[in-house]
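These are my notebook entries on a single model. I record below what I looked up, entry by entry.

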Amino acid sequence: MTKAIKQVSLVGLGFVGLTTAAFFASRGISVTGIDIDAEKIQKIRKASLPFYEENLEPLLKKTIQTGFLRLTTAYDPAIAETDMTMIAVGTPSDAQGQIDLKYIKTAAHSIGQVLKQKEGWHLVIVKSTVIPGTTRKVVGKIISEESGKVIGRDFGLCSNPEFLREGSALKDTMNPDRVVIGEYDDKSGRMLKAFYETIYSEQTKILRHDLETAEMVKYVANSFLALKISFANEIANICEQIPGMDVCEVMKGVTSDFRINPNFFGAGLGFGGSCLPKDVSALLKFAKEQGYSAPLLHGILQVNNHQPQHVVKIVETVLGGLQDKKIAILGLAFKKNTDDMREAPSIQLVKQLHEKGASQIFVTDPKAEKEAKRIFHNTVNYGSVEECLSEAAACILVTDWPEYTNISPKTLQSLMVEPRLLLDGRRIFDPSSYDRSVTYRGIGLSDTSKL
Ligand code: UGA
């Protein structure tokens, strides 16, 4: 009889790893977080987050102070002293859009080396997003070879994909819609399920699958979310061509059907972030390797890549060219409540505005300005909302930060110059509150001036 899991080591203290580690520790689990980046570990030890995420810092501080969360750069003895090791390292895309497993492989080698010396059964969990087959054929195989131990006999193996969102990471981790377990064998799955039952309420849905099915669930979930957004954007672009049409009204009617859930159906500038674009690309690559061209997955990315271009075209048309026109961009992060700009639509937007000759681009963001400076350097100007809007001919709302929702039509009227284009890329403003002094255009809303 194997003892219940009380001590956990977690490899990779990025977004998922750190949130999971702090949450487990807050539930009285003894957690050792491992990351090879010594600078990062130093920072986290002082309860300082390497990224912006609401509510996580106080929990981190508390769990470090109570001693439930410890941090180290060394795999040994952290792994040897725990019952279960979770791998939460990044799985970025390579230049061809294919999943890059270098961090996963390094982690598996290091875990194998420690397990070689460890007595007793140990459970290894892959939390990172990986293509079906990776947990078994890459992680399990490397650990076996490195340790000389047998999977299913000497150590257990599970896949346990993560569904938390940046910006609401802690909330999502504390109240997951479901916990998905992929198991190599019954014992591995049973042990992980029992562990989750000690930290979640009885109502939490825990699903058990084989390893590959669990790995696939993650890709399919992210691809379907991306599909919803690209579908909404495609319909929005069609709606703009029909006089009097508004995609928001259309979607109200559509999502009243119980089969069509209204969440994550908002048209805008397209999806960004470190997950949706990467995961759709990786699944597409994987499908092609299996001999299937996956045209729908291809279409998701095509519509998404086109959306910033679509917005630039509207701005160019309304302004009659972009040369010598000041353009304000409100919001740079790929979504609100984060400072993350990975694959953010704002990057493509700025690139395309430049290509079309815009030279006076002013940008602002409550959290992502530091990151923006790293990406844009001095090719754009940085300032407050007021500095950006002042004398601007166009303002593009890119990220729906609450800070921007209260910008009044009067402010735009007094600060901006003709034609005072407000391009609402997230549909956060009420079109009816603008008179003809501001040229309001919203994604998915036809040009009302033509009515
Ligand atoms: C996404 C998934 O939502 C999580 O479930 C998953 O765990 C995570 O990836 C991951 O794989 O780690 P995240 O990347 O944090 O989470 O961001 P989302 O909240 O999914 O937003 C992605 C993009 O879609 C953002 O650019 C957002 O602005 C955009 N979006 C979202 C829309 O354009 N319209 C919507 O209606 C919703």
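**Cysteines.** I searched this predicted model for disulfides, and the count came to zero. I then looked up Cys-388, whose sulfur has its closest cysteine sulfur in Cys-395, 8.6 Å away. That is too far for a bond, because a disulfide requires sulfur atoms within 2.5 Å. I noted that Cys-388 counts as buried, at 0% relative accessibility. Cys-158 is buried as well, with a relative accessible area of 0%.

**Helix 8 with helix 11.** I next examined how helix 8 (residues 211-239) packs with helix 11 (residues 295-319), and found an angle of about 50° and axes 9 Å apart. That angle makes helix 8 oblique to helix 11. I recorded the crossing of helix 8 and helix 11 as left-handed. On the side of helix 8, the contact is made by Ser-223, Ala-226, Leu-227, Ser-230, Asn-233, Glu-234 and Asn-237. Helix 11 contributes Leu-296, Leu-297, Ile-300, Val-303, Asn-304, His-306, Gln-307 and His-310. Sorted by class, the contact of helix 8 with helix 11 has six nonpolar, eight polar and one charged residues. For the spacing of such positions I kept in mind that an α-helix has 3.6 residues a turn, so residues three or four places apart point the same way.

**Helix 5 with helix 8.** I then turned to helix 5 (residues 134-147), which packs with helix 8 at an angle of about 110°, the axes being 8 Å apart. Helix 5 and helix 8 are therefore roughly perpendicular to each other. I listed Thr-134, Thr-135 and Arg-136 of helix 5 in contact with Leu-211, Glu-212 and Glu-215 of helix 8. The residues of this contact divide into one nonpolar, two polar and three charged.

**Helix 1 with helix 3.** I found that helix 1 (residues 15-26) and helix 3 (residues 56-65) pack at an angle of about 55°, with axes 9 Å apart. These two helices are therefore oblique to each other, and helix 1 passes helix 3 in a left-handed crossing. In helix 1, Leu-18, Thr-19, Ala-22, Phe-23, Ala-25 and Ser-26 meet Leu-56, Leu-59, Leu-60 and Thr-63 of helix 3.

**Helix 12.** Which residues of helix 12 (residues 345-355) are buried? I found Pro-345, Ser-346, Leu-349, Val-350, Gln-352 and Leu-353. Their cover includes helix 11, strand 9 (326-330), strand 10 (360-364), helix 13 (369-376) and strand 12 (394-397). Just after helix 12, I noted a positive phi of about 100° at Gly-357.

**Two single residues.** I located Asp-279 in helix 10 (residues 276-289). Asp-279 counts as buried, at 1% relative accessibility. Leaving aside neighbours within four places in sequence, I found Asp-279 in contact with Thr-129, Lys-218, Tyr-219 and Asn-222.

I placed Ala-393 in the loop between helix 14 (385-389) and strand 12. At 2% relative accessibility, Ala-393 counts as buried. Beyond neighbours within four places in sequence, the contacts of Ala-393 include Leu-319, Lys-325, Met-416 and Leu-421. I also looked up Ala-393 against Val-150, 243 residues apart along the chain, and their C-alpha atoms are separated by 67 Å.

Note on methods: Residues numbered from 1 in each chain as written. Predicted model: local features only at pLDDT ≥ 70, side-chain atom pairs only at ≥ 80, totals over all residues. Heavy atoms only, no water. Axes fitted to C-alpha atoms, helices over the stretch in contact; angles between N-to-C directions. Helix = DSSP H or I, 4+ residues; strand = E, 2+ residues; numbered from the N terminus. Parallel < 35°, antiparallel > 145°, perpendicular 65-115°, else oblique. Left-handed = near helix turned anticlockwise from the far one by under 90°. Contact = heavy atoms within 4.5 Å. Nonpolar A, V, L, I, M, F, W, Y, C, P; charged D, E, K, R; others polar. Buried < 20%, exposed > 50% of the residue type's maximum accessible area, 1.4 Å probe, protein only.
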